[in-house]
Structure formats: structure tokens, C-alpha cells
Amino acid sequence: MDIRSKVMSALRWSAAARFLGQAVSWGITIMVIRLLSPGDYGLMAMAMVVVSLLILLNTAGLDAVLVQDREIDEQMTRQIFGVVIVINVLFFLLLFLSADAVAAFYGEPALTPIVQVLSFQFLLLIFETLPQSRLERDIEFAQRSVVDFATLVMGSLVTLVMALTGFGVWALIWGMLATNGTRMIGLNLIARNLVWPSFSLRGMRKHFAFGGFVTTDRGLWYMFSESDKFIGGKLLGNHLLGYYAVASQLASLPIHKISGLLNSVAFPAFSHAHAHTDAKTVQNYLLKATRILGIAAFPVFFGISCTAEPLIACLLGEKWLPAAPLLQLLGVVMPFRLMSNIFPPLLWGVGSPATSASNFLIAAILMPVAFYAGARWGVIGLAYAWLCMYPVVFFITALRTCRIVGVGLLGYLSQMLRPVAAGVTMYATVYFLQDAVFGSVGDWVYLLQLVVLGVVAYGAAMLLIDRKGVIETLQLIRT
């Protein structure tokens, strides 16, 4: 099977599993949000500020080495496994012992046991690296898709049952541990690749160099994308942070799910194309991925934005309505965040992780400054920080990435022009006709009418201005 066929097959399997899993997971997530309080989500967001950073760093970037370098032998695999074990054990101990300090920083004593329990997931993550890297390297996603589905369902069900029985924030914590445990077991069942670890570092210099760029890349991404919660938690408290965290979670749900698929498929695909074909193929991959992602992303996120208030009222209930203006602002920015998620696997795949890391360095400098300034106006200021500063970050990083692969910036941006125009048409249609439909905010019939208006407006606009792109996207889904 050639690379294009493998990539398309991987996308289909991954997309199918994620769609089925998300149909269950999103439904349960909505139910859990209705059951829990803003304070619960605020506490979880505070705890995850530290936990998420360590998760991103827990392989020192060597998982990317396992995917990118096809010359690695069994001895080097054993050495990488040894490094992964040491790092994760150290992270477990560091997090467990520093839980009191994290709680003291936020002024929330309840965080101490939460952080301590969450630290145990690093003992599970040790055994995910080798099988997951093997599957990604070989672009083998059929069986992994089953694991993804089981993981989503198991984690969601544990969270829901515990939320129903009154465990509060602990429902989110144990749901996360159940998710990691299920994934670890499933990956080792379908792609058992464990070896006896070696703790020698001989011959690993070049791998640490590449992994160092990847780790820096991930750390800087975290600094710009999660510093809003770090700053918000410190300055605004867990209750207000809870509204922001839920709005951010709803706005970014499609991003997190699609990004996982993109990173797992795009990195090996770009790596293979760079190694075995010419630069034109890589350029075409980037432009086509941007075009198709744009057609799918702008209606989804603009749709979330223009229906934010009725969406929150119907899905979450009146107690969460303060999150609606936050969701409206964040929804406008999210398509560009999704589009930029293809830059790291592209740059890693063509052997330029340093460019990816420096892209995130720019974002890690600009975005926290914007968040700190915005926090003076509360959580709405954090959302406005995204709206005002992220387009600047996107333009700069797109320019730098396009230069590496030889694509003109105007040529790249033109791939999004028609979906943006159709998305703005959809947004305006829903906004100006919302008073003409039946019902009111909180009424499912009212929300459904707005959704239908948006779908019809976007579909009609796309057929008028980009019929070829619509056909191309439909063909990709069918093949």
C-alpha cells in the first residue's frame, strides 16, 4: 500500500473511531458539566496546569524520534524505554511531593490530594510510549481506533457514574485515570512492543538533540495555550476560572479531538513524503490539508460562536450562562488555532523542529502578556486576549512555516479565503435572523432553527464560491 493510501486509510479509521467515541464522550461530557459546579471545573483546571505540562515533557521528545527515525534498532529502543521510565518516575515523585506547594500557590488546600492522585498517571504513561510510537511510525490505525473508542467510552462512563453519585471534582480525576489506564492496556494488547529497558545513554546524543527540539516545542506550546488558566486561576479564583474552563473546553473540543488525529497521522505522513518524494509533494499535502480543514473548521467554530447563548442554555442549563459570552469570543479564534496545529507535524516531518519550537516561542511570549493584561477585566478579558492577539501569532507562524516548505504565504492563506467568506456569511445570516425564528433562548426548537439556518447559509455560500472544494472534501470522506 502506497503512502497516500495508508494516510487515507489511517484518517478513515481514526475519524470513524473518534466520531463514534465522541458521540458518546461529548454527550456524557455535557451531562457531567450539568451535574458539577463551576468551582469543580476551576479546581480541575488549576491542577491540570502543572500535570498537563509534565505530560507533554514525559518522553523528552524521544517518542517523536521513534516515529521519525526508521533506522532505530532494538538496543536503541531499549535505551529510549529506559529514559522514559526514569523521567516518568521522577515526574510522579516530583508532582506527588510538590502537591502542597501547588495548593499554596493558588490558595486552595483542596488541591493537595487532587494533585497527588493525578500524579499516579505517570506510572501508567511509561507503558504507552513504545506501542503508540510503533503504530504511528507504521501508520497502522485500524486496531488503534478500537482502543481510542474504548478509551473514550470507559473514561467518560467512569466520570459520569461518579458525578451522578456526588463525587464532585473527583469524578473528573478518576475519569482521567480510567482513560489513561484503558489506553495503556489497549495499546499493549494490540501492539505489544515492550522490551527490557537499558539505562545506558551511549549513542543517544543525536536523538536527544532532536527530542530536545520536540520537547521545547511542546513546552512552549503549553506556555502559550494554557497560560490563560494559570494566570486566571491565580488572579480570579476557582469559581470564575470554572466558567472560563468550561467555555474553553466546549470551544476547543473539536480542536483536541481533531488535533490528536492530525498529529498521529500527519507527522509520519510528512516524514515519509519528505524522505521518499520531492518538496512539491510536501507542499501539496500542506495546501490540501489546509483547504479541507478550513472547509470543515470554519462552519463548526463560527456556528458555535453565533449560537453560544442558546447552546449553553440548552446543553448546560442556566447556571452556566455566564460562560456564553466567553464561548462566543473563543469560537471565532478556534478555526485558526486548528489550522495552526498542522505546522508542528509538518516541520518535524521535514526535519525542522527548531522552527516549530521558535514559532511557539513567539506565541509563548505574546500570549501570556495578553492574558495578564486581559485578566484586569476578568474572564472576559482572557477571551478578548485570544481574539486580539492570536491572529497576530497565527500570521507570524504561518509566514515562517511556509518559508521552510517553499509555499508562498498568499498561496497558503488563499486556501482559507473561501471557507472564511462562507463562514462569515453563515454568521451574519444567523445573527440577523435570530429574532425571526420561533421560540427563545433555552428552547431546543429555537437552537435547532438557528443550526439549520447556519447549515443552509454555509452550504449555499460554499456551493456558489467553492464547489470544487466541497466536492474534493466529499470525495475524501467517501474514499
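Accessible areas here come from the Shrake-Rupley method with a 1.4 Å probe. On that basis the accessible surface of the protein chain is about 20500 Å², and carbon and sulfur atoms hold 68% of this area. The model is a predicted one.

**Overall make-up**

The protein chain has 21 helices and zero strands. It contains 479 residues, 56% of which count as buried.

**Packing around α18**

Helix α18 packs against α17 and against α19; the two pairs are set out below.

| Helix pair | Residues | Axis distance | Crossing angle |
|---|---|---|---|
| α17 and α18 | 353–374 and 379–405 | within 9 Å | roughly 165° |
| α18 and α19 | 379–405 and 409–433 | 9 Å | about 125° |

Angles over 145 degrees count as roughly antiparallel, and α17 and α18 are therefore roughly antiparallel to each other. Their crossing is right-handed. On the α17 side the contact is made by T355, S358, N359, I362, A363, L366, M367, A370, F371 and G374. These residues meet G381, L382, A385, W386, M389, Y390, V393, I396, T397, R400, T401 and I404 of α18. By class, the residues in the contact of α17 with α18 are 14 nonpolar, seven polar and one charged.

For α18 and α19, the angle of about 125° makes the two helices oblique to each other. This crossing, too, is right-handed. Here α18 contributes F394, F395, A398, L399 and C402, while α19 contributes L409, Y412, L413 and M416. The contact of α18 with α19 consists of nine nonpolar residues, with no polar and no charged ones.

**A loop residue**

Where does S119 lie in the chain? S119 is found in the loop between α6 (111–118) and α7 (121–125). Is S119 buried or exposed? A residue under 20% relative accessible area counts as buried; S119 has a relative accessible area of 0% and is therefore buried. When neighbours within four places in sequence are left aside, S119 is in contact with F92, L95 and F96.

Key:
Residues numbered from 1 in each chain as written. Predicted model: local features only at pLDDT ≥ 70, side-chain atom pairs only at ≥ 80, totals over all residues. Heavy atoms only, no water. Axes fitted to C-alpha atoms, helices over the stretch in contact; angles between N-to-C directions. Helix = DSSP H or I, 4+ residues; strand = E, 2+ residues; numbered from the N terminus. Parallel < 35°, antiparallel > 145°, perpendicular 65-115°, else oblique. Left-handed = near helix turned anticlockwise from the far one by under 90°. Contact = heavy atoms within 4.5 Å. Nonpolar A, V, L, I, M, F, W, Y, C, P; charged D, E, K, R; others polar. Buried < 20%, exposed > 50% of the residue type's maximum accessible area, 1.4 Å probe, protein only.
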